[in-house]
Amino acid sequence: MLVSQFQDVRRFLGRLDAGQDLTAGLKTVCRENGILSGWIQATAVLRNPTIAPLKADGSGMGDPVALDGVAFCPTITGNVSLLDGVLDLRLYATCHPPEAASGPATLGLLRGGEVLAFEFLLLACDDAVLVRENDARFGFAPWIQLQPGTQVGIVTPPPPAPVPNMWTGDEGRLPGAAMGTISDMPAAAPLLRQPIDEDESSELNVLEMSVGDYLDHPRFGKCRIVHDPHDDKVTIRLETGKHVDLHLGVMRVLPPKQIGSKKVFQIEMRKRG
């Protein structure tokens with residue numbers, strides 16, 4: 001059993017813009033507000049959502065499947081924590097087709113989808129940070145550690161420090177007082193809201209890129225990413241089939257949008273000073 005009492009809780013009520021990718025949009029909310037642990041409740045209408053269903057033997061979630069068309073998700077619940085030192089977002093939902101009578105609902109872990117409508121309540125818990133186990137033996141990647149809370153405004157969390165597993169019994173007791181917390185403040189308190197600048201936002205969007213995503217480049221148009229970004233470069237494939245290395249340092253990467261089954265990152269060229 002792993003239990004922690006959180007005293008410092010911030011509450012966020014909002015929506016994502018139409019056309020955004022579901023998971024990328026929520027991760028941006030978390031990063032811009034320094035949220036490393038929290039609970040999410042939401043309602044959504046999504047186009048072409050991707051969802052990982054529960055395995056038949058109950059050992060974890062299966063491979064993600066893409067659902068064609070529009071789906072209504074009246075109840076989404078999930079959480080934010082850390083996995084391998086980066087934000088891990090879990091959203092569990094039931095996706096209903098518009099013509100519910102002609103098709104069964106799909107249940108599982110939402111991995112993405114184009115937002116048509118998405119309204120959410122997010123409770124950020126700042127006393128401590130929950131850390132997940134990244135081990136193939138545990139299909140659900142359970143929480144195994146608690147770390148001291150971090151200050152609001154940190155947008156790139158450090159790798160989790162080695163701390164003892166917080167289990168009951170002979171394996172240790174839960175810590176008493178939380179460390180490094182900030183008390184709950186009204187939304188109007190500007191010092192607790194440190195929005196990241198455009199350059200930091202671009203760097204965070206680069207972290208969301210993966211093979212199979214697309215860049216919308218002002219010169220080359222929509223191009224598929226064929227190698228993950230590395231050393232400030234990303235390799236794309238043009239419509240001609242040619243591979244090109246783009247230098248990310250001379251461009252700004254905007255948050256991705258979900259267009260059909262494609263996650264597309266808009267690119268802007270930086271002005272030369």
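F118 and F120 are both buried. Buried means under 20% relative accessible area, exposed means over 50%, and partly exposed lies in between, with a 1.4 Å probe and protein chains only. The model is predicted, so local features need pLDDT of at least 70, side-chain atom pairs count only at pLDDT 80 or more, and totals for chains, interfaces and linings use all residues. Residues are numbered from 1 along each chain as its sequence is written, and side-chain values use heavy atoms, with hydrogens and water left out.

**Rings and charges**

A search of the whole structure finds one aromatic pair. The ring centres of F118 and F120 are 6.1 Å apart and their planes meet at 40°, so this pair is tilted. The rule takes rings of Phe, Tyr and Trp (its six-membered ring) with centres within 6.5 Å; planes under 30 degrees apart are stacked, over 60 edge-to-face, and the rest tilted. Another ring belongs to Y214: the charged end of K262 sits over it, 4.8 Å from its centre. For this, NZ of Lys or CZ of Arg must be within 6 Å of the ring centre and within 35 degrees of the ring normal.

**The chain as a whole**

The chain holds two helices and 15 strands. Helices (H or I, at least four residues) and strands (E, at least two) are DSSP runs, numbered from the N terminus. Of the 273 residues, 43% are buried. Contact means heavy atoms within 4.5 Å. Among contacts with a separation of 6 or more, 60% join residues 24 or more positions apart.

**Helix α1**

Helix α1 spans residues 22-32 and is mostly covered, with nine of its 11 residues buried. Among them are L22, L26, V29 and R31. Just after α1, G34 takes a positive phi of about 65°.

H217 has G221 of β10 as its bridge partner. D216 stands opposite Q266 in β15.

**Cysteines and a loop serine**

A disulfide is a covalent bond between the sulfur atoms of two cysteines. Here the test is a pair of cysteine sulfur atoms within 2.5 Å. The search of the whole structure finds zero disulfides. C73 is in none, and its nearest cysteine sulfur, that of C95, is 3.3 Å away.

S59 lies in the loop between β2 (38-52) and β3 (65-66). S59 and G139 are 80 residues apart in sequence, yet 5.3 Å apart in space, C-alpha to C-alpha. Leaving out residues up to four places away in sequence, S59 touches G139 and F140.

The table lists the cover of three residues.

| Residue | Relative accessibility | Class |
|---|---|---|
| C73 | 0% | buried |
| C223 | 1% | buried |
| S59 | 32% | partly exposed |

Notes: Two strands pair if DSSP finds at least two bridges between them.
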